[in-house]
Amino acid sequence: MGNAMLRGVVAFIPSERCQSFLVGDLKEMPLDRTLDLSKRQLRRLPAAACVFDELVKLYLSGNNLSSLPPELQGLKKLQLLALDFNCFEELPASVCRLPQLCILYLGNNRLYSLPGELSELKELNTLWLETNCFTVFPQVICELPNLKTLHLGYNRIESLPNELGQLEELRSIWLAGNQLAAFPPVLLQMHFLAIIDVDRNKIRRFPGLSHMLGLKLIIYDHNPCVNVPVVGEGVRRVGRWADCSDDEEDEGSKAASDTMAEYREEHLEDEHTI
């Protein structure tokens, strides 16, 4: 039996011994304090991965994880945790006990709510929750004082709470692919926002945004809007009228995709500075 086939068979056996086989030898602390266990077909995280108390970055993307061991909370210096593209239906309690965590990727899971304990992550500045099952905005997010980037795209959220305005450090909010029927009023009060993405919602009319002096980019493409948002000088708009031609629609879609790609590249550079 080949090694690849063996790994495929072992992946379906959730025992500690079998899952440890999938991650290989974890006897020494990585020199760069980064452990990448992405795409290992893991169904559980072996306890051996939680012994490096100096670890700063842990990538677990693209596995079959639905829970994490309590030993994870021993990684007190962890700053980045990537759990995207897994099978989480709820956020493990151990994640909320990582005092230095500042970047948390939870996109492409099965989350529909967040625990109140998330508010304990006072250093969290980047939270990605795209492509989950949220129908209501998770209120606990409003208790993250240092949050700068929030990505909640491609859920089923219909409105934003007024308490969101308390996040004075927030600079970019990504809400594409939700069920917003109107431009969220709370965003009009957040003059410090630099990026607002409400692409692919159900917004018919946009209010004026020229009073938002910090705004640099507004993405409003693919809404049934009857007007274009009025913005201040130098603000980039990505969108078009609802009754635009197919050529114009394609151009708007490409612009939105390019903008998101640019942002992802910039964000990856931020990861390297940790």
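A search of the whole structure finds 0 disulfides, a disulfide being a pair of cysteine sulfur atoms within 2.5 Å. Two of the cysteines may be considered individually. Cys-87 is buried, with a relative accessible area of 17%, and Cys-96 is buried with a value of 3%. Here, buried means under 20% relative accessible area, exposed means over 50%, and partly exposed lies in between, as computed with a 1.4 Å probe on protein chains only.

The structure is a predicted model, in which local features need pLDDT of at least 70 and side-chain atom pairs count only at pLDDT 80 or more, while totals for chains, interfaces and linings use all residues. Residues are numbered from 1 along each chain as its sequence is written, and side-chain values use heavy atoms, with hydrogens and water left out.

The overall architecture comes next. The chain contains 4 helices and 10 strands; these are DSSP runs numbered from the N terminus, helices being H or I with at least four residues and strands being E with at least two. Along the sequence, the elements follow the pattern α-α-β-β-β-β-β-β-β-α-β-β-β-α. Of the 274 residues of the chain, 49% count as buried. Among the contacts in the chain with a separation of 6 or more, residues 24 or more positions apart account for 27%, where contact means heavy atoms within 4.5 Å.

How are the strands arranged? They form an open sheet of 10 strands, with parallel pairing and the order 1-2-3-4-5-6-7-8-9-10. Two strands are said to pair if DSSP finds at least two bridges between them. In general, strands of a sheet pair through backbone hydrogen bonds, either parallel or antiparallel. Strand 1 and strand 10 stand at the edges, and each has a single partner strand, so one side of each is left without a neighbour in the sheet. From one strand to the next, the twist averages 5 degrees; the axes behind such angles are lines fitted to C-alpha atoms, for helices over the stretch in contact, and angles run from 0 to 180 degrees between N-to-C directions. One end of the sheet illustrates the pairing: strand 9 and strand 10 run parallel and are joined by 3 bridges. Ile-218 has Arg-237 in strand 10 as its bridge partner.

Attention now turns to charged side chains. Side chains of opposite charge can pair when their charged atoms come close. In the whole structure, a search finds 3 salt bridges, each defined as a side-chain nitrogen of Lys or Arg within 4 Å of a carboxyl oxygen of Asp or Glu. One of them joins Arg-33 and Glu-54, at 3.8 Å from N to O. This pair links distant parts of the chain, 21 residues apart: Arg-33 lies in the loop between helix 2 (16-23) and strand 1 (34-36), and Glu-54 lies in the loop between strand 1 and strand 2 (57-59). Glu-54 also forms a salt bridge with Lys-77, with the closest N and O atoms 3.0 Å apart. Lys-77 lies in the loop between strand 2 and strand 3 (80-82) and Glu-54 in the loop between strand 1 and strand 2, so this pair ties together parts that are 23 residues apart in sequence.

Another salt bridge joins the side chains of Asp-199 and Arg-200, at 3.8 Å from N to O. In this pair, Asp-199 is buried at 7%, whereas Arg-200 is partly exposed at 38%.

Aromatic rings provide a further set of contacts. A pair of aromatic rings is described by the distance of the centres and the angle of the planes. The count comes to 3 aromatic pairs; rings of Phe, Tyr and Trp (its six-membered ring) pair if their centres lie within 6.5 Å, and planes under 30 degrees apart count as stacked, over 60 as edge-to-face and the rest as tilted. Tyr-105 and Trp-128 form an edge-to-face pair, with 5.9 Å between centres and 65 degrees between planes. Tyr-105 lies in strand 4 (residues 103-105) and Trp-128 in strand 5 (residues 126-128), so the pair ties together parts that are 23 residues apart in sequence. Tyr-105 is buried at 10% relative accessibility, and Trp-128 is buried at 3%.

Phe-206 and Tyr-220 also form an edge-to-face pair, at 5.4 Å centre to centre and 70 degrees between the planes. Both Phe-206 and Tyr-220 are buried. Ring pairs link Phe-183, Phe-206 and Tyr-220 into a cluster.
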